[in-house]
Amino acid sequence: MYVLTIDQRHSRTSRDRVPRLLEVLAEADVPCVAAFERTAGDEVQGLLDEPAAVRAALLTTLRDGDWHCGVGVGEVDDDSFATGTRAGRGPAYLAAREAVEAAKSMTGSVAVRVPGDSGEEATAWAADCEAVWTLVAGLVLERTEAQWRAVDAVDRSPTQAAAAEELGITPTSVAGALRLAHIRQERAAYPALDRLLAGAHAAATGAGPGDGIRARVGSDATPGTGADR
């Protein structure tokens with residue numbers, strides 16, 4: 001399982017952003033084992049079982065801004081989350097707590113952790129996943145509103161020319177915005193992010209390379225989008 005713990009930046013000096021984050025995560029329709037909910041103060045937590053779902057939730061959260069994100073990878077006590085995410089227990093929850101604390105001192109604000117007794121292989125998988133997330137998070141966090149408008153318009157349009165017409169700019173301007181947004185580079189990293197996260201899970205839980213979550217990686221890792229055209 002994957003526990004995603006998200007903590008608001010500068011919560012003591014800024015307004016409560018949790019309701020908005022829960023709204024955008026719900027709109028993103030991220031598949032969850034236990035839905036995202038406020039756990040304490042300005043913190044949000046969700047339980048997921050697919051690497052691609054974790055990726056989708058992280059990208060949604062990073063775009064919304066102002067959040068530290070910790071991913072805990074490992075076992076969760078059976079049925080502990082039956083009444084909701086906040087009731088969950090187990091090593092993955094403890095790893096997520098360590099991860100979100102680590103994220104607070106990281107440039108990309110995304111940390112990935114496995115339980116402390118998982119072994120060197122699991123720790124290495126998690127560290128590699130975290131390293132790639134640091135690069136991807138930087139691309140997302142640095143994207144301007146104008147660049148996001150271009151990405152969104154191309155994603156919902158049949159062609160870049162149609163997106164340009166919708167935005168009232170030239171196709172050349174759209175192409176330039178996509179280039180500056182580095183959207184292709186971001187999306188090219190999706191399969192690697194999913195494989196690394198699945199590898200961390202397999203190593204932390206003792207699952208074989210063909211078992212469970214790891215076997216399902218890649219099924220929806222890289223959705224076809226207009227911005228890739």
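Biologist: Which residues in α2 meet which ones in α4?
Modeller: From α2 you have Arg55, Leu58, Leu59, Leu62 and Arg63, and they meet Trp133, Val136, Ala137, Val140 and Leu141 in α4. Contact here is heavy atoms within 4.5 Å, and helices are DSSP runs of H or I, at least four residues, numbered from the N terminus. The residues of that contact divide into eight nonpolar, no polar and two charged.

Biologist: Is this predicted or experimental, and how is it numbered?
Modeller: It's a predicted model, where local features need pLDDT of at least 70, side-chain atom pairs count only at pLDDT 80 or more, and totals for chains, interfaces and linings use all residues. Residues are numbered from 1 along each chain as its sequence is written, and side-chain values use heavy atoms, with hydrogens and water left out.

Biologist: Back to the pair: at what angle do the axes of α2 and α4 cross?
Modeller: Roughly 40 degrees, and the axes come within 9 Å.

Biologist: New topic: which residues of α5 are buried?
Modeller: In α5, residues 145-155, they are Gln147, Trp148, Ala150, Val151, Ala153 and Val154. Buried means under 20% relative accessible area with a 1.4 Å probe, protein chains only.

Biologist: And what do they pack against?
Modeller: The buried residues of α5 pack against α2 (51-64), α4 (120-142), α6 (160-167), α7 (171-181) and α8 (183-188).

Biologist: What percentage of the protein chain counts as buried?
Modeller: 49% of the 229 residues.

Note on methods:
Buried < 20%, exposed > 50% of the residue type's maximum accessible area, 1.4 Å probe, protein only. Helix = DSSP H or I, 4+ residues; strand = E, 2+ residues; numbered from the N terminus. Axes fitted to C-alpha atoms, helices over the stretch in contact; angles between N-to-C directions. Nonpolar A, V, L, I, M, F, W, Y, C, P; charged D, E, K, R; others polar.
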